[in-house]
Amino acid sequence: MYVDHTCKTTADYEADFDALRNKAGSTIVRTYSVIDINVPKYKCETAATILPAAMSKDFKVILGLGFYKKSKFYANRADTQEHYESEKAALEPVLSSKFAPYVYALVTGSESLYRNVSAQELLPRIRDTKETFGKRVRRIGTVDSWNKFQDGTADDILTSGVPTFLYAKVSPRLITGLR
């Protein structure tokens, strides 16, 4: 989604992929949400738009399924379970299509632990994602700030045997201790 809340088109993603390949040599990208509903009246079908571009440009996509708690930062978001179910519903037709091979991984939550969702709240959604889509996508897990994997917050997830993919985000602010 652009700053003006318009949704990206497949052609926009294709241009982005050309730039990424030409400037950085990258062929894997990550989304935060299958459907971007940060501003409810501007619902973007991210997965349905980005995956045709990935196929066209031979890219792989790490698709995020949002799982958040309402907070001062996410006041406009749907409640966690409602949002997660909307994400799953939008993903089903895309993964039942020719685009499934272009999904590198599915990650449930984007820094959800960092944003005060507990591991006990997040783990059932990762398990559900795996049960629902695990035959079509082999890498399923979560993405969070590295310190949540290191400080014990994610221990229930890490020891569950459920995730087959973990993505740790590193923020210099967290490494240096500056706030």
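Is the crossing of α1 and α2 right-handed or left-handed? I started my entries with that question, and I return to it below after the overall layout.

**Entry 1: ground rules.** I am working with a predicted model, in which local features need pLDDT of at least 70 and side-chain atom pairs count only at pLDDT 80 or more, while totals for chains, interfaces and linings use all residues. I kept in mind that residues are numbered from 1 along each chain as its sequence is written, and that side-chain values use heavy atoms, with hydrogens and water left out.

**Entry 2: the chain as a whole.** I looked up the secondary structure and found seven helices and five strands in the protein chain, where helices (H or I, at least four residues) and strands (E, at least two) are DSSP runs numbered from the N terminus. Along the sequence I read the pattern α-β-α-β-α-β-α-β-α-α-β-α. Of the 179 residues in the protein chain, 43% are buried; I use buried for under 20% relative accessible area, exposed for over 50%, and partly exposed in between, with a 1.4 Å probe and protein chains only. I noted an accessible surface of about 9,300 Å² for the protein chain, with 52% of it belonging to carbon and sulfur atoms; these areas come from the Shrake-Rupley method with a 1.4 Å probe, and for residues only the protein chains shown count as cover. Taking contact as heavy atoms within 4.5 Å, I found that among contacts in the protein chain between residues at least 6 apart in sequence, 71% join residues at least 24 apart.

**Entry 3: the sheet.** I traced an open sheet of five strands in the order β1-β2-β3-β4-β5, with parallel pairing; two strands pair if DSSP finds at least two bridges between them. The edge strands are β1 (28-30) and β5 (165-169), each of which pairs on one side only. Neighbouring strands of this sheet are turned by 25° against each other on average, direction ignored; axes here are lines fitted to C-alpha atoms, for helices over the stretch in contact, and angles run from 0 to 180 degrees between N-to-C directions.

I then went through the pairings. Three bridges join β1 to β2 in parallel, and I28 has K60 in β2 as its bridge partner. Five bridges connect β2 and β3 in the parallel sense, with L65 partnered by T108 in β3. Strand β4 (residues 140-145) runs parallel to β5 and is joined to it by five bridges, and the bridge partner of D144 in β5 is A168.

Helix α2 packs on the sheet and touches β1, β2 and β3, its direction making about 170° with that of β2. Helix α3 (residues 80-95) also packs on the sheet, touching β2 and β3, and its direction makes about 150° with that of β2. I noted that β2 is largely enclosed by the rest of the structure, because five of its six residues are buried.

**Entry 4: α1 against α2.** Helix α1 (residues 10-24) packs with α2 at an angle of about 50°, with the axes 8 Å apart. That makes α1 oblique to α2: angles under 35 degrees count as roughly parallel, over 145 as roughly antiparallel, 65 to 115 as roughly perpendicular, and the rest as oblique. The crossing of α1 and α2 is right-handed, a term I use when the near helix is turned clockwise from the far one by less than a right angle, with anticlockwise being left-handed. On the α1 side I listed T10, Y13, E14, F17, D18 and R21, which meet residues of α2 including T46, I50 and A53. T49 of α2 is buried, with a relative accessible area of 16%, and it touches K8, T9, T10 and Y13, not counting residues up to four places away in sequence.

**Entry 5: two loop residues with positive phi.** D58 has a phi near 55°, positive in a residue other than glycine, and lies in the loop between α2 (46-57) and β2 (60-65). E111 likewise has a phi near 55°, and its place is the loop between β3 (103-110) and α4 (119-133). Which of these is buried, and which exposed? D58 counts as exposed at 52% relative accessibility, whereas E111 counts as buried at 9%.

**Entry 6: E82.** E82 and F67 are 15 residues apart in sequence and 9.1 Å apart in space, C-alpha to C-alpha.
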